[in-house]
Amino acid sequence: MTPHGRVEPAQADHPARQPRIVAEKVNAYFGTTQALYDVSLTMLDRSVTAIIGPSGCGKSTFLRSINRMHEIVPGSRMTGRILLDGEDIHAMDAVLVRKRIGMVFQKPNPFPTMSIRDNVSAGLTFGGVRNRTVVAEIVEKSLRQAALWDEVKDSLDNSGVSLSGGQQQRLCIARALAVSPEVLLMDEPASALDPISTAKIEELIYELKRTYTIVIVTHNMQQAARVSDQTAFFYMGRLVEFDDTKKIFTAPAKKQTEDYVTGRFG
Ligand SMILES: Nc1ncnc2c1ncn2[C@@H]1O[C@H](COP(=O)(O)OP(=O)(O)OP(=O)(O)O)[C@@H](O)[C@H]1O
Ligand SMILES: [Mg+2]
């Protein structure tokens, strides 16, 4: 079933998922503070991996390590390896890594001075795509993928910040999709949204995983259970347990995981 009730196509349509991102013994530091300890985690192609755990356990740091945004923080450092399709991301151009691995943040952050259209096309224009027909096509396609097109198609010249919070978040998702990423990292993408917008984002994640590899951080256990295929539980910078989402929520191997998913702490 999809998160909101539609029936999922037969699993036979899907060959076994291949590893897309492999984290090997990742340690991450802010100055002398260590935020991640030996985190090894494999994220599969066309799957949703949820990262859960109490505040401060390193979820965002892990996400930002995956697309080399951690290194932007002054004084930060990382050891271990992160592979994208078998290739070490630190051997690749950082801008290319961030193009292939897009990110959506907790708080929608449209460019305030730009129209809806320009918000979506910003990455393309920055990347040198100038052909107006091509740009218009990609803007429409990305907004459709982000389930926002019908709401904004007649107001593409309005400011991006004139939209509601839920629409702004879908705009940011469209902006991320416009540059054709392969992986989408989402850091609590629905935590600031009302239930209807949240349901839209969850439906969207379900649609997007047909094409993309998705890693989502969420504090909402029901959301993790609804949208993800696999779930990783982090605690104090360590990966405590990683398994199929169903297993994590019904029969976790570790007591810490059980205590967290049943709301006994966190
Ligand atoms: N820019 C920073 N400078 C110094 N320390 C930081 C920085 N960002 C995060 N940390 C520290 O790293 C640890 C992990 O933080 P992180 O933001 O990854 O946690 P999180 O699991 O995403 O938490 P939350 O659920 O509250 O978003 C925390 O101890 C935090 O204080
Ligand atoms: Mg965080």
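1. Asn 27 counts as buried, at 11% relative accessibility. Here buried means under 20% relative accessible area, exposed means over 50%, and partly exposed lies in between (1.4 Å probe, protein chains only). The model is predicted: local features need pLDDT of at least 70, side-chain atom pairs count only at pLDDT 80 or more, and totals for chains, interfaces and linings use all residues. Residues are numbered from 1 along each chain as its sequence is written, chains are lettered from A and ligands numbered from 1 in the order in which they are written, and side-chain values use heavy atoms, with hydrogens and water left out.

2. Stay with Asn 27 for a moment. This residue sits in strand β1. Helices (H or I, at least four residues) and strands (E, at least two) are DSSP runs, numbered from the N terminus. The side chain of Asn 27 makes a polar contact of 2.8 Å with the side chain of Gln 34. A polar contact is a pair of N or O atoms within 3.5 Å; within protein, one must be able to donate a hydrogen and the other to accept it, and residues adjacent in sequence count only if both atoms are side-chain atoms. Beyond residues up to four places away in sequence, Asn 27 touches Gln 34, Leu 36, Tyr 37, Asp 38, Arg 77, Met 78 and Thr 79. Contact means heavy atoms within 4.5 Å.

3. Next, the salt bridges. The structure holds 21 of them. The term covers a side-chain nitrogen of Lys or Arg within 4 Å of a carboxyl oxygen of Asp or Glu. One of them joins Arg 20 and Asp 45, with the closest N and O atoms 3.7 Å apart. Arg 20 lies in strand β1 (residues 19–30) and Asp 45 in the loop between β2 (33–44) and β3 (48–52), so this pair ties together parts that are 25 residues apart in sequence. Arg 20 is buried at 14% relative accessibility. Asp 45 is buried too, at 15%.

4. That pair belongs to a network. Salt bridges link Arg 20, Asp 45, Arg 46, Asp 85, Arg 100 and Glu 182.

5. Two other salt bridges deserve a look. Glu 140 and Arg 144 meet at 2.8 Å, N to O. They are four residues apart in helix α4 (residues 132–145), so about one helical turn separates them. Glu 140 is partly exposed at 28% relative accessibility, and Arg 144 is partly exposed at 47%. Arg 264 and Glu 258 form a salt bridge at 4.0 Å, N to O. Arg 264 is exposed at 54% relative accessibility, whereas Glu 258 is partly exposed at 34%.

6. Now the nonpolar cores. A nonpolar core is a set of buried Ala, Val, Leu, Ile, Met, Phe, Trp, Tyr and Cys residues joined through side-chain atoms within 4.5 Å. The largest has 40 residues, and the members that touch the most others are Leu 143, Ile 173, Leu 184, Met 186, Ile 205, Leu 208 and Ile 214. Helix α6 (residues 165–178) gives the most to this core, with six residues. A second, separate core has 27 residues, including Ile 51, Val 97, Leu 185 and Phe 234.

7. What does Leu 184 touch, not counting residues up to four places away in sequence? The list is Gly 102, Val 104, Ala 176, Leu 177, Leu 208, Thr 213, Ile 214 and Val 215.

8. Ligand 1 comes next. It is surrounded by 13 residues, the closest being Ser 55, Gly 56, Lys 59, Thr 61 and His 219. A residue counts as near when one of its heavy atoms lies within 4 Å. Helix α1 (residues 59–66) gives the most to this shell, with three residues. An oxygen atom of ligand 1 is 2.5 Å from a side-chain N or O atom of Ser 55. For Lys 59 the distance is 2.7 Å. For Thr 61 it is 2.5 Å. Taken alone, ligand 1 exposes 640 Å², and the protein buries 62% of that. Areas come from the Shrake-Rupley method with a 1.4 Å probe; for residues, only the protein chains shown count as cover.

9. Last, Asp 229. Its place is in the loop between α8 (221–227) and β9 (230–235). At 29% relative accessibility, Asp 229 is partly exposed. Its side chain reaches the backbone nitrogen of Val 48 at 2.8 Å. A polar contact of 2.9 Å joins the side chains of Asp 229 and Lys 209. Leaving aside neighbours within four places in sequence, Asp 229 is in contact with Ser 47, Val 48, Lys 209, Asp 244 and Thr 245.
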